[in-house]
Every structure is written in structure tokens, then in C-alpha cells.
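Reader: I am new to this structure. Please show me the model, and then let me ask how its labels were reached.

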Amino acid sequence: MNSWINLDALWKIIAVGVLVGAGLPALFAIGVRALNPPARTDRAAATPPAAGPIGYLVAAVCFAVVLAAIGWGVSVIVSHR
């Protein structure tokens, strides 16, 4: 064990960085995609696809998780002195 590198803290920093750095933007993208489903080929070209109630539910859950993470991050920053 190197006294300069704390491996326990290092893996925690990497895990949180991957989760927040890639996970939250990916979750936001899933929410946006749920609101705008791909067009189906059997419909008329002039009719845009509708998200439907499940799409709205998925998007609302994704956006709520992202907003909760943002709120938690702001509260952590503000609470530290």
C-alpha cells in the first residue's frame, strides 16, 4: 500500500464520477427519447409520433431523478463551510 495513494477513496471518487459524469446525462437522454419516440413506417408521414402515457411516465421519472441529483448536489455544496 502506497502512503501517497488512498485506494479506498480513489475507487469511491471514480465510481461517483462515472455515475454522475455519464449516468445523469444518459438518464436525461433516455427521458428526452421517451418524449419523442421514433416514427413508425406504417403511419402517414404528416402525423408525428406521440409519446403516449408510458413515454410521459418514463420521461417524468428520468427528469425527476436528474432534478433530485442536482438538488442533492447543490445542498451538499451549500451545507459545507
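Reader: How many salt bridges does a search of the whole structure find?

Author: One salt bridge turns up in that search. Keep in mind that this is a predicted model.

Reader: What makes the pair Asp8 and Lys12 a salt bridge?

Author: The closest N and O atoms of Asp8 and Lys12 are 3.6 Å apart. The cut-off is within 4 Å, between a side-chain nitrogen of Lys or Arg and a carboxyl oxygen of Asp or Glu, so the pair counts. In general, side chains of opposite charge can pair when their charged atoms come close.

Reader: Where do Asp8 and Lys12 lie?

Author: Both are in helix H1. They sit four residues apart, about one turn of the helix.

Reader: Why is Asp8 called partly exposed?

Author: Its relative accessibility is 42%. Buried means under 20% and exposed means over 50%, so Asp8 falls in between. Lys12 has a relative accessible area of 44%, so Lys12 is partly exposed too.

Reader: What about Ile5: which segment holds it?

Author: Ile5 lies in the segment before helix H1, which spans 7-35. At 42% relative accessibility, Ile5 is partly exposed.

Reader: Which residues make the nonpolar surface patch with Ile5?

Author: Trp4, Leu7, Leu10, Ile14 and Val18 make it together with Ile5. The patch covers about 670 Å². Patch residues need over 30% relative accessible area. Ile5 has 42%, so it passes that cut-off.

Reader: What does the protein chain contain overall?

Author: It has two helices and zero strands. Of its 81 residues, 9% are buried. Its accessible surface comes to about 6,700 Å², with 74% belonging to carbon and sulfur atoms.

Conventions
Residues are numbered from 1 along each chain as its sequence is written. This is a predicted model: local features need pLDDT of at least 70, side-chain atom pairs count only at pLDDT 80 or more; totals for chains, interfaces and linings use all residues. Side-chain values use heavy atoms; hydrogens and water are left out. Patches are made of residues with over 30% relative accessible area and no salt bridge: like charges are joined within 9 Å, nonpolar side chains (Val, Leu, Ile, Met, Phe, Trp, Tyr) within 5 Å. Accessible areas come from the Shrake-Rupley method with a 1.4 Å probe; for residues, only the protein chains shown count as cover. Buried means under 20% relative accessible area, exposed over 50%, partly exposed in between (1.4 Å probe, protein chains only).
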